[in-house]
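The sequence and the structure are shown first, and the description follows.

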Amino acid sequence: MKMKKQWKCLLALGMTLTTIGGIGFAADGVQTTSYIVNADKFQLPYAGNEAAFNHKINPGYGSALAFKSINKDGTMEFYAITDRGPNGDIPTYVKDGKKVSGKFFPTPNFTPSIGIIKVNPAKDRADIIKSIPLKVNGKAITGKPVPSGLTGSTNEVALDFNMNNLGTDVNGLDTEGISLDKDGNFWISDEYGPFVAKADKKGNIIEKYGPGMGLPSILANRVPNRGSEGVTVDENGNVFAFIQSPMDINGKTAKTAKYIRIVELNPVTKATTMYAYPVDTGYKNTGAAKIGDITSIGNGQFLMIEQGKQNGKMQNLIYKVDLNGATPIPNNGDLELGLLDGQIVPAHKELVLDLRAQGWDIEKAEGLALLPDRKTIVVVNDNDFGMDINLEDKAVAKPELDDYTYDADKKVMIYDEDKTPHDVTISLKKNAPGEQQSQIWFFTLPKAL
């Protein structure tokens, strides 16, 4: 894939700016450059024999990003995190006469991990140089769903390609956010709980917060798998987590609520405060809005990715979000039900960067960082581990997963059109060519934020 070669790099901790290669200007004078992230040394072992994968799956260190360092030789390092691991959609799944949500997990023992991305502008490359697996009491966790009945459960079923139930993990996390505190600990957020967790430098989880477990109980009303997509630590040590999409109160507000919740946690006093972030108005419904990542820029302000289809077109937008003057929100569903309209001051938002106007053509912008120059915004994509789900049925010309229902009690796959059992083969296939690789992009603004 041909990438842009436009870059202004910070060569020293003293923040001297030096031009590397040809500089080009995109919309509004923004300078851009991008790299494929080489992660070959960290490919995932895969038992399947699909020729396109050759017993290995591309890594996916792109669910969040945090700035680590600028080295004396001009190289830069970032922390990035995976999500719960390779997974894909399943046919309609029915057990005991009820539909159950779920995912295929081709590598069910995958451990969500923190990677270090090293970018070397002089050599025109970016590489994963280290991976830190997440652990509880020294034991690696997985990304499998949390058991039903426990805080954070999405009531999903994890399946292999033979429709066997792979079970759950009481410590399972679908990691989506990463930040660092002043002591070098990692703060991680997840979509299941939503949980916010603190891990030490070796990836050992030492604190964990969830709805009713240190976080406001109302957060349990997140749409399943739309928990906390981003987390950041500000200059005062306070932790901020954003819910990915509007919450669903009493099954009524997932597509109508005007706001997304911002949660502030003081890790010393354990006090929490919530604020309202207003989503854009161009979506078919507000449930189509998704937060990608956030990063603190100080003084109650943040950069945040908001994305989704607006007015029929995919948008990946970076906003500056300001909580100064915003009204704290109560621990109930009044915000989503519209009962606080006109009575609160939401977070203020200001568009900083339209990624698509700068050449970004990937669906998921999910990692976000700001370099110390306060001009250069760094973004990584979620490549979904370079995979998708393939279904073959010799009796159907163009079979689609959505056309089938699996009866878990009778253990048969039903083709919905003729209501009869069909023999199908389910396997991996590559996802769209432009989505298969992890990429890291740099956008240098004309002025500092």
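In what order do the eight strands of the open sheet run? The model, which is predicted, arranges them as β6-β7-β12-β13-β3-β37-β31-β30, and the pairing is mixed. In general, the strands of a sheet pair through backbone hydrogen bonds, either parallel or antiparallel.

**The open sheet**

The sheet has β6 (64-70) and β30 (365-370) as its edge strands, each of which pairs on one side only. On average, neighbouring strands of this sheet are turned by 25° against each other, direction ignored.

**The annotated domain**

According to UniProt, in an unreviewed entry, residues 73-385 carry the feature "domain: Phytase-like". In the model, the end C-alpha atoms of this span lie 31 Å apart. The span is 44% strand and 0% helix.

**The cavities**

The structure holds two cavities of 30 Å³ or more. The table sets out their volumes and lining residues.

| Cavity | Volume | Lining residues |
|---|---|---|
| Largest | about 40 Å³ | P194, V196, L215, L219, S228, A241, I243 and V263 |

What kinds of residue make up the lining of the largest cavity? Seven are nonpolar, one is polar and none is charged. For the second largest cavity, the lining consists of six nonpolar residues, with no polar and no charged ones. The elements that give two or more residues to the lining of this second largest cavity are β23 (239-243) and β24 (259-265).

**Residue I243**

Among the residues that line the largest cavity is I243, which has its place in strand β23. Is I243 buried or exposed? Its relative accessible area is 2%, and because a residue counts as buried when this value is under 20%, I243 is classed as buried. Between I243 and I297 there is a separation of 54 residues in sequence, and their C-alpha atoms are 19 Å apart in space.

How values were computed:
Residues are numbered from 1 along each chain as its sequence is written. This is a predicted model: local features need pLDDT of at least 70, side-chain atom pairs count only at pLDDT 80 or more; totals for chains, interfaces and linings use all residues. Side-chain values use heavy atoms; hydrogens and water are left out. On a 1 Å grid over the protein atoms alone, a cavity is a set of points where a 1.4 Å probe fits but cannot get out, and a pocket is an open set with protein on both sides within 12 Å along at least five of seven lines; lining residues have an atom within 4 Å of a point. Grid points are joined across faces, edges and corners, and a volume is the space filled by probe spheres set on the points. Ala, Val, Leu, Ile, Met, Phe, Trp, Tyr, Cys and Pro count as nonpolar, Asp, Glu, Lys and Arg as charged, and the others, Gly among them, as polar. Helices (H or I, at least four residues) and strands (E, at least two) are DSSP runs, numbered from the N terminus. Two strands pair if DSSP finds at least two bridges between them. Axes are lines fitted to C-alpha atoms, for helices over the stretch in contact, and angles run from 0 to 180 degrees between N-to-C directions. UniProt positions are given in the numbering used here, feature names are shortened, and annotations may be inferred rather than shown by experiment. Buried means under 20% relative accessible area, exposed over 50%, partly exposed in between (1.4 Å probe, protein chains only).
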